[in-house]
Amino acid sequence: MFRRKRPAAVAREVVRDHTYDDAILDIAAEEMDAGHLRAATTVLAECRDEPEVRALRVEVLGEHAIGHADELSDLAKANTDPDLWLLAGTAFIREAWAIRGSGRADNVGKDRFKVFFATLRKAVGPLHEAAKILPGDAVPWAQLQTAGLGLQVDREQKDEVWREIARRCATLYPAHWTRLQILATKWGGSAEEMMAFAQGSADHAPPGDPVVAMLPLAHFEIFLEQFEEAVQARSALKIATLKMRYFGRHREEIAAAADKWGASPARPHPRSLQAHNLFAAAFALADDAPRAKRHLLGMRDHVHDVPWSYVAYLADDVEKEYSELANKYLDA
């Protein structure tokens, strides 16, 4: 009766599904939504020698191309354009995952899985065509890796595609993200192998490269497994203990990775906002106030679903969970 009530967290004005700074890409996406393709192929063509930028752009444009992959494939055949082939292949991948949904495999029916696999297989040919026309381009191989994950190809094929990516761009951020998922327990790997990959990624990354964020990402994958077990056990104590203690136990190695990113003068990178999300959440849960604040400021309230959807109890609580943690450190 006499306990003082905690004030409700002030809801922050967050930006969802837009963790990048690329105004030209946004214009191209709007043009695609209006039915015009020229801007999309132009912005892809102008970054053929910038794999990080190209990977981000095709990822975003592929999302806006959902429902038009077959048309893009036909256009690519008529024009033998590597950017069209890449966009078509990526669009098939995005269409496939839109069909499957983001839930666990147990919740996807057989019929939906059949359509998912059939759509995903359509991506393979266009991506190989894109890779053949521009043999030095790592991005078609990165998209093939994503397709292979969904198609559940054998480990040997996954490893071969990874070697093709690494040969062309050893630090490609989204390719590392997908490789980490391939090695995770939920996709048939193991926590040990996934963590070894994450630690190796951080160790071999050049100073100033946000690919070191694979380390907190791997920890969030392990955290999620334990969080789901606690939820299934309906144990509020286990949930609270996990949130309070997990990242505190691993704070030092995550801090070393963050410091390596910050050790070099900041260079623009398309995935910086995503990396800030991972570090901000990890340090907030570890109660490392200075580092949490630094990365929360780096996020600029641009919220990425990973890791915040891993921390929230319910999908609808993502913004609330973020606001509570962010206000704690930004208002301090």
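**Cysteines, a buried helix and salt bridges**

C169 counts as buried (under 20% relative accessible area, with exposed over 50% and partly exposed in between, using a 1.4 Å probe and protein chains only), as its relative accessibility is 12%. The model is predicted, so local features need pLDDT of at least 70 and side-chain atom pairs count only at pLDDT 80 or more, while totals for chains, interfaces and linings use all residues. Residues are numbered from 1 along each chain as its sequence is written, and side-chain values use heavy atoms, leaving out hydrogens and water.

C47 is also buried, at 1% relative accessibility. Its sulfur lies 12 Å from the closest cysteine sulfur, that of C169, too far for a bond. A search of the whole structure finds 0 disulfides, a disulfide being a pair of cysteine sulfur atoms within 2.5 Å.

Turning to the helices (DSSP runs of H or I, at least four residues, numbered from the N terminus), α7 covers residues 139-151. Because 13 of its 13 residues are buried, α7 is largely enclosed by the rest of the structure. After α7 comes Q152, whose phi is positive, near 60°.

The structure holds 25 salt bridges, each a side-chain nitrogen of Lys or Arg within 4 Å of a carboxyl oxygen of Asp or Glu. In one of them, E193 pairs with R155, with the closest N and O atoms 2.6 Å apart. E193 belongs to helix α10 and R155 to helix α8, so this pair ties together parts that are 38 residues apart in sequence. Within α8, E164 forms a salt bridge with R167, and the two are separated by about one helical turn. E164 is buried, at 16%, whereas R167 is exposed, at 59%.

Note on methods
The expected span of a helix is 1.5 Å times one less than its number of residues.
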